[in-house]
Amino acid sequence: MRTFHLASVLWTSRRTVLPISITGTIIISICVYLSFWSSYVGRLHTRPKGFTEVSNDSRKSSVLNAFVENLKAGTIGSGLGGEIRTTQLVAYPDESEVALPAWRQYINEFSTKVELYNPDRPYLSKLLRDLATVEINQTSILHLGTQFKFQIEFVDGNIAIAKPMRVERNYYSPYDTKGSYLRDFERHTAEIAAFHLDRILDFRRVTPCAGRALNFRRDILQKTKDPDILGTQRVKDGNQCIIGSCHPKFCNEQALTCAKNGTLEVALCQKVPDAANMQSRGYPWRSTNRKKPEEIALICQNLKKDKFVQENGFFLDFMETLVFDHLQVNYDRHNYKKLNNKDSTSIGIALLDNGKGFGNPLKDDITFLTPIKECCRFRNSTYQRMLQLTKDDSKLGDRMRASLSKDPLNPVLTEDFFPALDRRLNQAVDALNECISQFGYDTVFSELE
C-alpha cells in the first residue's frame with residue numbers, strides 16, 4: 001500500500017525531530033492508523049469464538065470513528081512543535097457490546113452489580129431468546145440439590161441449568177399441614193413464572209429463565225457422555241425416559257423423566273457467574289407456617305438489632321421475599337444466596353430454586369404474611385409498586401399473563417393462577433395497611449431505601 005509505505009518512511013526518520021505542520025501530523029497519523037486497519041483485516045479469520053460478524057463497512061466505520069475520537073482527545077498525532085508522539089492507539093473494539101453475545105454482556109455486569117439482571121438492558125430479551133434457541137453442545141446431569149436437573153452447555157459458550165417437566169400443568173399440589181410440599185416434584189413452569197414475577201415486582205433476585213422444548217434424542221442422548229443419562233434409559237408408554245440421578249424419592253423406576261412424542265419440556269435458567277461470589281445463608285423466615293407468633297416476634301426483634309442485616313438492607317429484602325413467596329405459595333425457601341461481588345461496595349441477595357412455587361392457585365396461605373404484621377417495616381417503593389399492581393388497568397394477574405405469553409412454552413400457568421395472584425397481592429397490601437393503621441406511615445416505612 002503506497003500510503004503505508006510513505007508513513008513507514010516518515011516514521012523511521014523520526015530520529016531527527018523536524019518541525020511538522022499540524023496538517024502533516026494528521027496525515028501521518030491517518031496513514032499509521034490505516035496500517036493498523038490493514039493488519040486487522042488480514043486477521044479476520046482469527047476472530048474469537050462467540051463474536052458476531054459484522055460487515056467490512058461497519059468495521060471501517062468503527063475504526064475511523066475510534067480514530068476521530070482519539071484525535072479529538074489528543075491521543076494521536078499530538079505534540080508540541082510538530083514532534084510526533086505515539087501515546088495510545090485504540091484498535092478495533094473486539095470486546096464491544098455489539099459484538100458480544102448476550103450471555104457475555106450479562107456476565108460482564110456482575111463485577112459491579114448486586115442484582116441478578118437488569119431489566120432495562122437490551123441484552124435481557126436476547127438472553128432469553130438465546131436460552132430457548134441456541135444449539136446445544138453438551139448435556140449432563142447436575143448433581144446439586146435433591147431433584148433432577150441438567151447442566152446444558154451451548155455452542156456459543158453459555159451454560160444454563162435445566163429443570164425438566166415432571167408433572168402436568170393442571171396438577172395442583174394438595175398442600176396440607178403435614179408438609180406434602182416436601183414430597184412435591186419441582187415444576188419447570190414455576191421457575192419460569194418466578195422469574196417473570198420477580199421482574200414485574202422489580203426485585204431482580206431470580207436468575208433469567210426461559211422455557212424450551214428439547215428434542216430428547218438430538219439435544220440430550222446425542223449430546224451426552226454422562227452414564228447417569230445413557231445408562232438409565234427406559235421406555236414408558238412408548239416414550240423415551242431416563243431415571244437420571246438425584247434423591248431416591250425423585251429419581252427411581254416409578255419416578256421417570258419422560259419425553260412426550262420425542263420432546264421434553266425444560267426450564268432453562270441462566271447459570272450465575274462466579275463473579276457473583278454467592279454464599280448460602282439460612283433464611284430467617286423458613287417454615288413460618290409452623291412458627292408461633294411469639295417466635296416470629298423474637299426473630300423480628302433480633303433482625304432489627306443485627307447491624308449487618310440493617311446496614312445492607314437485608315431486613316427489607318427479607319420482608320419483600322415474604323411477599324414474593326406468598327404470591328407463589330413457596331414453602332421451600334430454606335436458604336438464600338448472598339451476593340458479594342468483588343468490585344461492588346454493596347451486598348444483595350439471590351432467590352434461587354423456585355421450583356416448588358406455583359403449585360396450587362386455589363389455596364392461599366396468609367401465614368407467609370405473619371412476619372410482616374409482626375415486624376411492620378417495609379420498603380416504601382415496593383409498597384407503592386404493589387398498590388399500582390392492584391389497579392384495574394395494571395393488575396398483577398394481567399401483567400403476568402402478558403409477560404408469560406412471550407415464553408416459548410406458553411401457556412406456562414393455568415388460567416386459575418392469574419386471579420390468584422391478584423387475590424394474594426391484595427392480602428399482602430391489607431397486611432401492610434394494618435401496620436400503617438397501627439404504627440403510622442412514617443414508622444412502617446422509616447427504614448433506609
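A residue counts as buried under 20% relative accessible area, as exposed over 50%, and as partly exposed in between (1.4 Å probe, protein chains only). The model is predicted, so local features need pLDDT of at least 70 and side-chain atom pairs count only at pLDDT 80 or more, while totals for chains, interfaces and linings use all residues. Residues are numbered from 1 along each chain as its sequence is written, and side-chain values use heavy atoms, with hydrogens and water left out.

The structure holds 5 disulfides, a disulfide being a pair of cysteine sulfur atoms within 2.5 Å. Counted along the chain, the bonded cysteines follow the pattern 1-6, 2-5, 3-4, 7-8, 9-10.

One of these links joins Cys-209 to Cys-269, with S to S at 2.0 Å. Cys-209 lies in strand S4 (residues 209–215) and Cys-269 in strand S8 (residues 263–270), so the pair ties together parts 60 residues apart in sequence. Helices (H or I, at least four residues) and strands (E, at least two) are DSSP runs, numbered from the N terminus. Cys-209 and Cys-269 are both buried.

Another disulfide joins Cys-376 to Cys-435 (S to S 2.1 Å). This link of Cys-376 and Cys-435 is left-handed, with -80 degrees about the S-S bond, whereas the link of Cys-209 and Cys-269 is right-handed at 110 degrees.

An open sheet of 3 strands runs in the order S5-S6-S7 with antiparallel pairing; two strands pair if DSSP finds at least two bridges between them. S5 and S6 (residues 239–242) pair over 4 bridges, and Arg-234 stands opposite Cys-241 in S6.
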